[in-house]
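Please work through the following exercises with the sequence and the structure at hand. Each task is followed by a solution in steps.

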Amino acid sequence: MTTAPKTLVFVVPHLRTGGVEQGVVRLANGLDRRRFRPVVVMRDGGGELAATLAGDVVTTDLGGRRWSLAIPRLASLLGRYRPALIYSGTNAANLSVLAATRLIGATGRPRVMISEHTTAKDYLAGAKLAPLRRFAIRRLYPGADCLVAPSAALATEWVRAFGLARLATAVAPNPVLDPAALGELARNPPAREPGLIVAAGRLVTDKGHDLLIAALAELSADHPAARLVIWGDGPEREALIAQAARCGLGTRVWLAGLTGRLLPELARAHVFALASRREGFGNVVAEALAAGTPVVASDRPGPRLLLGGGAFGTLVAADKAGAAPRKLAEALSTVLARPAPPPGPAAPLPPHLEPCLWPNAARTFEDLCDRLLQTP
């Protein structure tokens with residue numbers, strides 16, 4: 001007897017480019033349709049990633065309302081779709097989902113999988129109304145069936161930070177690496193460009209792109225041909241352009257915007273740099289390693305994990321303000337002084353990155369969903 005696929009609702013803020021949003025799109029697209037029917041609910045509809053969703057993925061939005069005001073609408077949508085399971089991404093989405101499911105009768109309540117992608121410490125340091133957030137997390141998070149994170153250490157840190165000892169946790173690897181794109185890169189690798197430093201990420205303060213521009217100014221005397229290309233977009237764009245001009249780097253810093261083909265751009269680089277002030281995982285670090293590109297990254301939990309504590313790349317000590325530009329410059333100079341790596345991706349793929357291949361991450365996620373749904 002054939003069993004009808006179970007509805008799985010993903011709840012996210014939007015579908016603009018971001019790590020959580022990209023992960024949700026890839027998981028929704030990769031789910032086995034014989035087992036799951038994906039629905040994506042956004043607080044604010046739209047975003048460039050919407051066009052990359054498979055045609056059979058149902059999408060809807062909450063009208064752009066603030067999360068706190070959207071809870072009744074979210075509860076209504078959940079009543080309409082009657083999901084077996086909900087996955088929420090970002091802290092605000094987690095809290096809203098847990099509040100909304102309280103409005104659903106006990107017999108119709110779905111299983112709830114909340115997710116976190118940055119450390120609790122870093123999150124609270126930058127959160128508005130942090131005491132209220134802390135209260136809401138302690139009150140509502142125990143209502144989840146599971147908290148997932150891209151690493152066991154990250155999940156454990158959330159549990160300890162908020163006294164959530166009874167909350168089940170699991171690792172759900174981020175679906176970062178596209179096997180087809182890696183295969184194409186192996187067949188047609190771009191030439192390496194000596195002196196090219198590549199960075200990628202939303203143009204916001206947390207990503208530390210300003211620190212990289214300052215580091216480029218520091219290392220210019222020793223590496224006058226070095227240049228920096230930053231992929232991404234965001235509110236700090238004009239400030240970063242102005243900073244580059246003040247440093248006399250106007251022609252050596254390029255803010256390249258968004259791209260749907262980041263992997264070959266990483267494969268052109270002499271070195272990839274990440275100067276994030278906070279980073280729970282660091283998807284682009286995994287992509288750079290897979291592209292065979294040397295990595296210099298601020299010593300944050302995600303990069304530290306992906307770089308094996310420094311075995312697979314260079315970690316730069318960082319404090320609350322981020323990695324000092326001088327230290328970043330020293331680390332980048334060391335890599336730039338060596339010949340650029342040969343063209344092509346890492347071969348073979350480092351074993352610790354295999355869970356991040358899209359199909360592997362999707363199967364792990366499906367198995368986790370099955371276990372939750374089978375739990376009494």
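**Exercise 1.** In which order do the seven strands form the open sheet, and is the pairing parallel or antiparallel?

*Solution.* The model is predicted: local features need pLDDT of at least 70, side-chain atom pairs count only at pLDDT 80 or more, and totals for chains, interfaces and linings use all residues. Residues are numbered from 1 along each chain as its sequence is written, and side-chain values use heavy atoms, without hydrogens and water.

Step 1. Strands are DSSP runs of E with at least two residues, helices are runs of H or I with at least four, and both are numbered from the N terminus. Two strands pair if DSSP finds at least two bridges between them.

Step 2. The order is β3-β2-β1-β4-β5-β6-β7, with parallel pairing.

Step 3. Because β3 (58-61) and β7 (169-171) each have a single partner strand, one side of each is left without a neighbour in the sheet.

**Exercise 2.** How many bridges join strand β1 to strand β4?

*Solution.* Four bridges link β1 (residues 6-12) with β4 (residues 85-88). In this pair, V11 stands opposite S88 of β4.

**Exercise 3.** Which residues touch the most other members of the largest nonpolar core?

*Solution.* Step 1. Such a core is a set of buried Ala, Val, Leu, Ile, Met, Phe, Trp, Tyr and Cys residues joined through side-chain atoms within 4.5 Å; buried means under 20% relative accessible area (1.4 Å probe, protein chains only).

Step 2. Among its 42 residues, the answer is V11, V41, L74, Y141 and W158.

Step 3. Helix α2 (residues 67-81) gives the most to this core, namely eight residues.

Conventions
Buried means under 20% relative accessible area, exposed over 50%, partly exposed in between (1.4 Å probe, protein chains only).
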